[in-house]
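Here are some friendly notes to read alongside the model. Take the points one at a time, and keep the 3D view open as you go.

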Amino acid sequence: MSTALAQNRGLGAMIWDYLTTVDHKKIAHLYLVAGGFFFLIGGLEAMLIRIQLMKPDNDFISAGLYNEMITMHGTTMIFLAAMPLIFALMNAVVPLQIGARDVAFPFLNSLGFWLFLFGGVILNVSWFTGGAPDAGWTNYAPLSTVSPGHGVDYYVMGLQISGAGTLIGGINFLVTIVNMRAPGMTYMRMPLFTWAVFVTSALILFAFPALTVGLFLMMFDRMFGSVFFDTAAGGNAIIWEHLFWIFGHPEVYILILPLFGAFSDIFSTFSKKRLFGYSAMVFATVLIGFLGFMVWAHHMFTVGMGPIANSIFAVATMAIAVPTGIKIFNWMFTMWGGNIRMTAAMLWSVAFIPSFTIGGMTGVMLAAAAADYQYHDTYFVVGHFHYVIVGGVVFGLFAALHYWWPKMFGKILNEKLGKLAFWPFFIGFHLTFFIQHFLGLMGMPRRYWVFLEGQGLEAGNLISTIGAFLMAIGTVIFLVNVVYTSVKAKKVSGDPWDGRTLEWSIPSPPPHYNFTQTPLVRGLDPLWVEKSEGKKGMTPAEPLGDIHMPNASILPFLISLGLFIAGFGFIYQVDNKAWLILVFLGMGLTLGSMLTRSLKDDLGHHIHKEELEKDLEKGAGE
Amino acid sequence: MSHDDVLNPKQMPHDPEKATLEGKNKFLAFWFFLGGETVLFASLFGTYLALNRSTAGENTPENLFGLELVFIMTMLLLTSSLTSVYAMYHMKNHDFKKMQLWLGITVALGLAFLGFEIYEFVHYIHEYEFTFRSSAFGSAFYTLVGFHGGHVLFGLCWIVTLMIRNSKRGLNLYNAPKFYIASLYWHFIDVVWVFIFTVVYLMGKVG
């Protein structure tokens, strides 16, 4: 597939290209667009929540709609915005950072995206078919099992399908990082972002099956009459809480660790220093991932597990502050004495440190089980997790997007607009969530659709709402920046930031085979090693030769479409068994496509040496 | 070099399932996948252990389970694991026909197991009126054992598909990893059954 061919095609061909692509860089685009879209929807839901809570006894939206709003805001932001945006970065960057031409399973990579997208669409279709899920993003039984209508059914099917996509993605990146590294790229030479993705993928692998089981049990209870969570028939509603949080707590580390990795790369690049305490950073990442699995019950201190269980989970939770503290200090030491450039990416990263640290401190406060009886289900908790998720994950996404945008699209996001977006967002963020800690301490419970007059909650809620509007303004400026940059900005070289890692050794955006010749890695920060020896680029590890690449395929789309159709069948067969026909149609499409994949050999294709030489002449691959 | 030359070398390597990068990737990914499956079944076992005494005054494990049937099922499945080892042994010796033969025996044993399992479920439903909906124990039992049975069924379809697809062309470096991971999957199913036998049936009988 030559570049000339790529230029002479219409919109239809482009859509077909994206539907069938197995190229990790294009899949990154898909994840970015879909995740960004859901981020805006989730943000809109957040704005409606804040408008409702702007003043006491407000009736801007009804109580029922409010419940749907908070449920969908949480679910959308975690599963449909943060996760795919992280997957966008993983796809765009990891193969480049380890010197690979694609991920280990390009076909599965595409399948993972389409499953996520169709799952997300199912979830959001519920708005138009009689009501969205309304039992909170944690979907606790028995509230969820008795929730009328089909809202919670959409939650179950949507998350089941998109969760399968995430699990596939996790396995794919584990294998990619173990098997696809370029010669010389040992584990302890991997950039921190790749390390973080490695640990994150392991977390995905071991955490998501618990959610899968939880969702199956919920599905069986709601759609097929089982009684897992029905205490009248001997069931136990707490099982849902355990399964949900056995998944859910690792999930928050799944969200934050890749961004920890991105921050590490950004601090190092823009301080012109190698990362301080590289091995300690790797160790801390692994340790956080490990400890992340033994703290789930700190979400359930008030369930009544007893003082011993509560104490064990409290201590384990507090222990996580240690590796996290190691990271915070190492980032600061990386900047210390460095040649710092305050780019927009760096600005978001520097702002992240104090913001996230506040969230970490309130986390330790919440970990104190006895005190948690006071904080539980108040706005203190809401304040805490928004400090870590917005202050950590969202700041990290903005930083990482500014940093890797030129690698993905060949243009630097406008720096002035980037900083202009940062300030209202940063100020708005603290306005919105800092005051919520105090609202919580004053007794304001979370998930209530109104608060009363004369209880001292008016000012705090108004401030919080004003802050939310500032964050919305910041987001809009960022979007303007994306449009402005794609129209106005000039193409930049492959290495606009004076980078240190492999992704900056190839053109921006890279050719679809990434590396014309696989590079030879000779140390940590491999490109910097070459630069410090006066070389311009990487030393190749192989002679110029034919490159083997995977073939595009529409099957991942069809497999996911089948599950999408079957999802509706499952949801509505409760009302009328005739809907089972959709289950058979959908599963038929899915299993048929899988069978086709199994029967039809897919051996990939070769890009020939002559074509690579032509590309080289045109300036690619330098 | 064309794909054909790469995938059908004159001298097959000793480990044909791991001779190509794709094979290595599949091998590793499948082990990871089985790690995830372990968590999946662990969650189901946890749920079962939490609910196996919640019989809502109806059928209990003691009065339902018959160890004779379960013993036969266990023997069938354990033997099928052994026969799939023989199949892989012949794959490594590049004897395609014998591999197919032993895979065929594996499938037959798996089918027999599945038949007994279906008989068991039907028996419980008709003789004891013990269903998915009768109690939390019922829900947990049918879900755990049913998930395992579903895995057996999927595994059987998978192995049969591979056997038919490749029956004419024999072993090469493209399909060797496919056979190998299907046999890994089969072993995993067997291991899960050992736990089901212990946790569900034996512990159910002795209380």
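1. Let us begin with a pair of helices. Helix α7 of chain A spans residues 151–179 and helix α8 of chain A spans residues 192–223; they pack at an angle of about 155°, with their axes 8 Å apart. Axes here are lines fitted to C-alpha atoms, for helices over the stretch in contact, and angles run from 0 to 180 degrees between N-to-C directions. Helices (H or I, at least four residues) are DSSP runs, numbered from the N terminus, and so are strands (E, at least two).

2. A word on the model itself. It is predicted: local features need pLDDT of at least 70, side-chain atom pairs count only at pLDDT 80 or more, and totals for chains, interfaces and linings use all residues. Residues are numbered from 1 along each chain as its sequence is written, while chains are lettered from A and ligands numbered from 1 in the order in which they are written.

3. Now look at where the chains meet. The contact takes 31 residues from chain A and 30 residues from chain B; two residues are in contact if their C-beta atoms, placed from the backbone, lie within 7 Å. On the side of chain A that touches chain B, α7, α8, α9 (238–271) and α20 (580–599) each supply at least two residues. The largest share of that side, eight residues, comes from α8(A).

4. Next, one residue of chain A. Is Ile86(A) buried or exposed? Ile86(A) counts as buried because it has 28 C-beta neighbours inside 10 Å (buried needs 20 or more, exposed 12 or fewer, and partly exposed is in between; C-beta atoms are placed from the backbone). Ile86(A) lies in helix α4 (residues 63–97) of chain A. Leaving aside neighbours within four places in sequence, Ile86(A) is in contact with Leu255(A) and Pro258(A).

5. Finally, chain B. The unreviewed UniProt entry gives the annotation "transmembrane region" to several stretches of chain B, including residues 101–119 and 139–164. UniProt positions are given in the numbering used here, feature names are shortened, and annotations may be inferred rather than shown by experiment. Residues 101–119 of chain B are 100% helix, with end C-alpha atoms 27 Å apart. Residues 139–164 of chain B are also 100% helix, and their end C-alpha atoms lie 37 Å apart.
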